[in-house]
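Open the structure in your viewer and keep the sequence panel beside it. This tour tells you what to select at each stop.

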Amino acid sequence: MFLQVSLVVILVLLASMAYAGIQGAPWVPTWKRDMKRVWELLRLQSGEKFVELGCGNARVCRYMKQQQPGADVTGVELSILQYGIGWLQNRLAGSGVKMKLENAFKHDLTGYDALYLFLMPETYQKIRPKFEAELKPGARVVSYVWPIPEWEASKVDELEGAPKMYYYER
Ligand SMILES: C[S@@+](CC[C@H](N)C(=O)[O-])C[C@H]1O[C@@H](n2cnc3c(N)ncnc32)[C@H](O)[C@@H]1O
């Protein structure tokens with residue numbers, strides 16, 4: 001019985017991970033050294049609200065919260081496995097990062113001051129209208145590796161041997 005239950009749990013976790021991969025991107029973390037670049041671009045102020053869409057195990061979120069403990073930091077993740085690992089790591093670290101098990105396309109973006117995402121380029125294309133409809137004027141967005149189609153970046157952060165980062169202001 002224990003074996004059957006374990007098998008079902010593993011299958012559900014793998015299916016949810018595969019589903020998230022199809023919905024937005026498979027799990028590939030932002031390089032550790034690049035988290036500083038995200039921070040340098042967004043420089044959250046105390047009281048600001050930050051969200052990471054497709055946060056994986058939320059390590060970028062934890063890094064942002066460490067840099068600015070006064071910020072309200074939320075990670076949105078669709079894969080149950082990544083969500084569970086991130087949730088546990090947040091609890092163990094007492095990070096204060098909030099996590100939502102939710103599809104990024106369903107998450108309300110209206111209150112956020114800053115947003116970070118590392119998804120597939122076709123997902124950036126699909127989610128762009130949602131950004132345009134919901135993000136408030138002045139909201140800052142950083143995308144990793146690929147630009148957001150049809151948006152003009154205020155800054156392109158380049159570092160030799162590392163993926164580009166694109167910074168936008170709505
Ligand atoms: C390329 S990884 C990036 C992980 C993390 N943001 C980082 O940079 O370390 C993409 C993550 O987004 C999640 N994801 C994919 N599509 C999603 C969606 N529609 N809504 C929420 N999360 C999604 C995947 O499960 C995966 O963990």
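The stops run from the whole chain to single residues.

**Before you start**

This is a predicted model, in which local features need pLDDT of at least 70, side-chain atom pairs count only at pLDDT 80 or more, and totals for chains, interfaces and linings use all residues. Residues are numbered from 1 along each chain as its sequence is written.

**Stop 1: the whole chain**

Show the protein chain as a cartoon. The chain has five helices and seven strands. Here helices (H or I, at least four residues) and strands (E, at least two) are DSSP runs, numbered from the N terminus. Follow the chain along the sequence and the pattern reads α-α-β-α-β-α-β-β-α-β-β-β. Its radius of gyration is 16 Å, close to the 15 Å that the globule rule gives for 170 residues, so the chain is as compact as a globular protein of that length. That radius is taken over C-alpha atoms, and the rule is 2.2 Å times the number of residues to the power 0.38.

Now switch to the C-alpha trace. Along its principal axes the trace spans about 55 × 35 × 35 Å.

How much of the protein chain is buried? Of its 170 residues, 34% count as buried. The test counts other C-beta atoms, placed from the backbone, within 10 Å of a residue's own: 20 or more is buried, 12 or fewer is exposed, and in between is partly exposed.

Contacts come next. Two residues are in contact if their C-beta atoms, placed from the backbone, lie within 7 Å. Among contacts in the chain with a separation of 6 or more, 64% are between residues 24 or more positions apart.

**Stop 2: around the ligand**

Select the ligand and the residues around it. There are 24 of these residues, and A20, G24, T30, G54 and G56 come nearest. A residue is near if its C-beta atom, placed from the backbone, lies within 6 Å of the molecule. Colour by element: α1 (2-23), α3 (59-67) and β2 (72-77) each give two or more residues to this shell. Then colour by residue class. The shell holds 13 nonpolar, eight polar and three charged residues. Ala, Val, Leu, Ile, Met, Phe, Trp, Tyr, Cys and Pro count as nonpolar, Asp, Glu, Lys and Arg as charged, and the others, Gly among them, as polar.

**Stop 3: the nonpolar core**

In soluble globular proteins, nonpolar side chains tend to be buried together. A nonpolar core is a set of buried Ala, Val, Leu, Ile, Met, Phe, Trp, Tyr and Cys residues joined through C-beta atoms within 7 Å. Select F50 and L115: they touch the most other members of the largest core, which has 36 residues. Elements supplying at least two residues of this core include α2 (35-42), β1 (49-53) and β5 (140-144). Which element gives the largest share of this core? That is β4, with four residues.

Stay on F50. Leaving aside neighbours within four places in sequence, F50 is in contact with L44, M64, A71, D72, V73, Y112, D113 and A114.

**Stop 4: the strands**

Select β1. Four of its five residues are buried, so β1 is largely enclosed by the rest of the structure. Strands pair if DSSP finds at least two bridges between them. F50 stands opposite V73 in β2.

Move to β5 and β7. They run antiparallel, joined by five bridges. S143 stands opposite Y166 in β7. K155 has Y167 in β7 as its bridge partner.

**Stop 5: single residues**

Click R140, in strand β5. R140 counts as buried because it has 21 C-beta neighbours inside 10 Å. Not counting residues up to four places away in sequence, R140 touches L42, D113, A114, Y167, Y168 and E169.

Most residues other than glycine have a negative phi. R43 has a positive phi of about 35 degrees although it is not a glycine. Find R43 in the loop between α2 and β1. R43 is exposed, with 11 C-beta neighbours inside 10 Å. E150, also not a glycine, has a positive phi of about 70 degrees. Look for E150 in the loop between β5 and β6. E150 is exposed, with 9 other C-beta atoms within 10 Å.

Finish at R170, in the segment after β7. R170 counts as partly exposed, with 14 C-beta neighbours inside 10 Å.
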